[in-house]
Amino acid sequence: MSKFINTQFSVSGIKDFDVNNVSYEKYDLVDYQYYTGNGVNPVDISGLFAWFKTDDLNVFDFDASGRISVWYNSAPGHSAENLYNYDGDGSKPVYNNTTNAVQCIADVSQGIYNQLYPPNGSPNFSGLITGDRCWFVVYKFDSLRAGNLQAGGYFANYSTIINTDNANTSTISTGFFGVYGNNINGSEITNFNLEPGSQRFVVDSDPNQLTAASINTDFSAANLFNKNIVSILKNNTTTNLRVRNNGFQTLSTNTAVFFATGCASLRIGTAGNSKILSAVNYGVNYNYDASNISYYEIIGYSKMPTDEEVLKLEKYLFEKHFKNDDNLYIASDDFTSVSYAYAPINLTGSLHLTKNIDNLFNKTYGCSANFSTKAIKTNYGDGYFLNVIPNANNLSTNFSINYEGLTDKQAHALAGYFQSSFENEPLTMADSYENVSMDLFYPYRNDAKIYFENLDHKSIDSNINNIVINCTTAYDSNLNYRGYSITDTSAIRPFMLNNVYNKHDVIYYNNPSVINGGYYWYTGDVSTSLNLSQSPTGINSLFTKSFYFKPDLDFAIPLKPRFLKNEYEMTSVVYEQDGINKNILDLSLSFTNRSDKEAFAVLKFLDDRCGFKLFEFTLPEPYNKQLTFYCPEWSHTYKFKDNHDINVKFLEFKGKLISDVYFNTIIKL
Amino acid sequence: MSKFIKYENLDFRINNDVFYSNSVSISLQSNISPVLLSDGSLLRYAPDNTVIGSLSTEFYLTGSLPSYLNTTSTNEDSVNCNFAGIEITKCYLKSLSFKVANFEPVLLSAEFDWYGTINSTNSTTNLSAFSSKRNSQCNNVSHSHHTFLMDVDKVFGFDEIFSFDYSEKVNLLPFFANGEISPFRVAKTNKTKSMSVDGNYFKKINVAQIEGQSVYCDLFLKNYNNTLLNTFNVSGKIESRSLNVSNDGILQSTLSITQRLTLLRNSL
């Protein structure tokens with residue numbers, strides 16, 4: 001176990017990840033470390049001849065269209081041995097600044113490779129034929145399971161790791177090593193050995209006959225994960241070729257079997273195999289629609305490193321490119337770890353160890369949310385004021401997520417997970433630790449980026465625990481037309497004529513006018529198919545932007561007129577008028593026991609109003625007057641199925657709706 | 001003319017085990033609240049909680065007590081109950097009790113809460129055949145004849161025991177995932193066992209010292225053939241003791257014992 005976890009966490013019993021036939025039970029907390037030793041800087045291992053990294057943009061040459069034409073080698077003394085592409089624009093990869101990777105983009109319409117390759121005859125790159133070589137490649141690919149419909153059927157998606165490169169006549173060899181996928185129907189025709197819906201490493205002795213590329217038992221055990229550190233290790237003395245994927249050895253074979261004349265080169269890209277035109281592949285020369293593949297770092301040595309050097313180098317790459325993939329995991333079922341395939345960064349391990357708590361713990365009734373605006377109120381006298389919005393994250397949002405009825409083991413796991421979230425490494429410059437991605441509760445967004453704030457644990461009885469996690473979403477913006485925290489597709493559907501709408505349906509009316517465009521709520525009791533006059537701005541419209549929801553019967557409306565009370569010395573108190581607009585209402589209203597649909601509509605309304613935007617609301621009898629309000633605070637509790645409580649605070653605004661202009665991100669739906 | 005179905009023999013089953021049952025009753029309780037709006041209109045009746053069903057039955061034990069009738073065990077699994085041609089799923093036991101008195105068969109009472117469904121069939125045509133267990137000879141039913149209570153620490157102080165009641169109860173705590181009306185877990189809390197023992201005069205001199213007085217007793221429930229059906233035990237404290245006498249009556253003393261059960265968390 002990492003020393004930090006052992007000393008900093010308040011829960012005990014955290015198990016180390018181990019591959020030596022160790023059994024884990026569901027809800028065990030498991031500390032996963034890639035390798036318990038330290039990483040090593042690649043230059044500190046002798047024999048370094050290739051180091052392609054993305055640490056800064058100086059390592060690239062871009063052509064006029066911004067595509068990469070050269071990826072410079074950062075290995076000391078090998079600055080001339082770079083990866084190139086001087087072909088047409090469409091075949092060059094791009095630099096993706098979001099992922100900080102070299103991205104080879106698949107595009108069947110281009111009909112050309114998208115790749116980088118070493119120069120002809122580059123001795124270090126082609127040296128795999130004759131000497132000890134090893135490569136460490138960090139890459140990530142999109143799903144290989146899509147397939148591409150071409151003449152004759154579906155062709156699999158695949159990407160090359162080692163290219164046999166028989167187009168390069170000076171280094172021609174026999175063999176192929178890559179990643180390969182089959183679609184879910186299993187209908188791809190280019191490799192019959194691949195199970196439907198799978199994606200795997202493929203090694204083949206014949207680069208031209210991928211229809212049945214060899215997948216031996218050990219090799220096929222290595223189902224692919226989408227993010228990989230692949231270590232390719234060739235011992236020329238023993239003619240042994242080993243391949244490790246995320247620490248798990250996927251292949252140990254004789255180079256004479258699969259690479260009879262050695263492997264020529266390292267070509268990276270989307271479709272860099274040398275599959276030739278033949279009857280087998282129905283006259284299709286190449287499958288250019290291989291999946292997008294991104295490369296983060298490539299390191300090569302002209303020697304066979306020791307096992308410890310391999311681990312240290314992989315650790316270096318893991319720490320650099322797999323942030324927050326180590327440390328605490330929760331076992332999602334009972335399993336026994338017998339190999340490194342059970343590490344959570346491998347596909348098999350990811351089925352047993354997880355950091356996703358949504359599928360492990362039931363959120364229970366009583367979940368609640370609180371919203372309040374950060375608006376700064378400036379008073380102008382006479383009841384007039386202005387709300388200044390300090391930033392795009394206008395709302396403070398706090399969610400209380402209930403996890404009731406937890407067993408002791410579940411509570412232990414959840415408390416440990418909660419604490420581990422504070423140890424995440426940052427992925428951006430702004431925060432010092434990364435947020436947690438998890439689902440909120442109805443009707444709020446799934447896959448929210450949240451920060452835990454505190455955890456309340458209450459023991460009910462032996463083996464019965466209730467936990468409430470209070471958290472916040474930090475990066476929601478009121479500039480997004482989709483909304484703050486209610487972004488469900490049912491709420492952002494555009495208005496369509498002739499559609500049937502029901503009461504409390506929410507639609508987005510795409511109109512260039514700030515006043516007329518935006519969200520509307522359908523108030524009609526009877527669902528009906530609408531015509532043009534019944535559209536949101538039609539004369540017979542039953543859509544509204546007003547707050548039409550009726551509060552509970554037991555409401556209170558305090559009237560607190562503003563006045564001046566002067567107390568002069570030696571005389572009685574004097575009451576004086578304080579300008580106009582004396583009655584500025586400050587209401588607290590409740591909407592209890594509301595259905596899912598009405599609660600959704602109310603909350604979407606408030607979400608859309610962002611805590612400062614104005615709306616009209618008709619006071620209930622006996623007042624029955626329409627006034628302008630904004631809602632700076634509201635809260636919501638999910639009480640039971642189809643039962644929600646909502647409390648709102650409305651402040652009256654003495655102004656006109658039409659005077660307000662809001663920025664809206666939508667350009668076109 | 002109204003139609004009635006008369007049951008001379010009741011085919012009551014738990015998890016398909018047949019019980020020699022005298023009676024079964026079920027009821028349902030909804031939890032709804034009216035929602036009144038500010039204009040005085042009634043919006044709807046909102047569900048505050050799920051519909052909770054109750055099932056109670058009385059039966060004679062004709063074999064060993066099955067483990068799912070151990071109220072205070074750590075097992076939280078539900079059972080299915082069948083009777084009168086219907087099946088009720090997700091039943092959770094919350095109490096089991098019985099009284100042992102001279103010359104009487106022992107009738108056990110069990111109460112369940114249920115959160116599942118009733119699968120109804122035509123009860124007049126789909127009655128399953130009774131098994132031999134249901135048509136058991138009277139000698140095989142739980143009976144007071146050989147059933148006895150052992151006061152291990154000898155603190156009762158009675159000269160003779162007339163009868164005793166045994167009861168074990170739990171409070172059931174259902175937990176629901178958001179959007180669900182069927183619980184993902186029904187936990188047991190406040191587990192208690194209690195006994196009430198009726199006897200005659202005291203043989204001991206210190207019977208008034210009941211504060212904190214520990215009691216351990218074993219209860220051997222047997223059938224008329226002296227076959228042990230189940231052993232119950234209570235390891236608790238004396239809760240109360242009384243002595244009653246009236247004209248033309250007999251002197252009768254009562255002792256009640258209670259035990260609160262809890263689970264050592266490190267044993268989980």
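Chain B exposes about 14,000 Å², of which carbon and sulfur atoms supply 49%. The model is a predicted one. Of the 268 residues in chain B, 43% are buried. The secondary structure of chain B comprises 13 strands and zero helices, so that the pattern read along the sequence is β-β-β-β-β-β-β-β-β-β-β-β-β. Contacts within chain B were also sorted by separation in sequence: among those between residues at least 6 apart, 69% join residues at least 24 apart.

The interface between chain B and chain A was examined next. Together the two chains bury about 2,700 Å² between them, and carbon and sulfur atoms account for 51% of this area. Three residues, B:S38, B:N178 and B:R265, supply 24% of the area that chain B buries against chain A, more than any other three residues. In terms of residues, the contact takes 33 from chain B and 36 from chain A.

Polar interactions across the interface were counted separately. Between chain B and chain A there are 24 residue pairs in polar contact, with both residues at pLDDT 80 or more. The number of salt bridges between the two chains is three. One of these salt bridges is formed by the side chains of A:D642 and B:R44, with an N to O distance of 3.3 Å.

On the side of chain B that touches chain A, at least two residues each come from β2 (17-36), β3 (42-60), β9 (161-175) and β10 (185-199) of chain B. The largest share, seven residues, is supplied by β3(B). By residue class, this side of chain B divides into 15 nonpolar, 10 polar and eight charged residues.

Backbone geometry in chain A includes two cis peptide bonds and two positive phi values, described here in turn. Most residues other than glycine have a negative phi, and most peptide bonds are trans. A cis peptide bond joins A:Y442 to A:P443, with omega about 0°. A:P443 is located in the loop between β29 (436-438) and β30 (448-461) of chain A. A cis peptide bond also links A:E621 and A:P622, with omega about 10°. A:P622 is placed in the loop between β40 (615-618) and β41 (626-640) of chain A.

The loop between β40 and β41 of chain A also holds A:N624. Although A:N624 is not a glycine, its phi is positive, at about 50°. The relative accessibility of A:N624 is 46%, and the residue therefore counts as partly exposed. A positive phi is likewise found at A:N498, which is not a glycine and has a phi of about 70°. A:N498 lies in the loop between β31 (464-473) and β32 (500-501) of chain A. With a relative accessible area of 56%, A:N498 is exposed, the cut-off for this class being over 50%.

Note on methods
Residues are numbered from 1 along each chain as its sequence is written. Chains are lettered from A and ligands numbered from 1 in the order in which they are written. Side-chain values use heavy atoms; hydrogens and water are left out. Helices (H or I, at least four residues) and strands (E, at least two) are DSSP runs, numbered from the N terminus. Buried means under 20% relative accessible area, exposed over 50%, partly exposed in between (1.4 Å probe, protein chains only). Contact means heavy atoms within 4.5 Å. Accessible areas come from the Shrake-Rupley method with a 1.4 Å probe; for residues, only the protein chains shown count as cover. Buried area is the accessible area (1.4 Å probe) that two parts lose on being put together, summed over both. A salt bridge is a side-chain nitrogen of Lys or Arg within 4 Å of a carboxyl oxygen of Asp or Glu. A polar contact is a pair of N or O atoms within 3.5 Å; within protein, one must be able to donate a hydrogen and the other to accept it, and residues adjacent in sequence count only if both atoms are side-chain atoms. Ala, Val, Leu, Ile, Met, Phe, Trp, Tyr, Cys and Pro count as nonpolar, Asp, Glu, Lys and Arg as charged, and the others, Gly among them, as polar.
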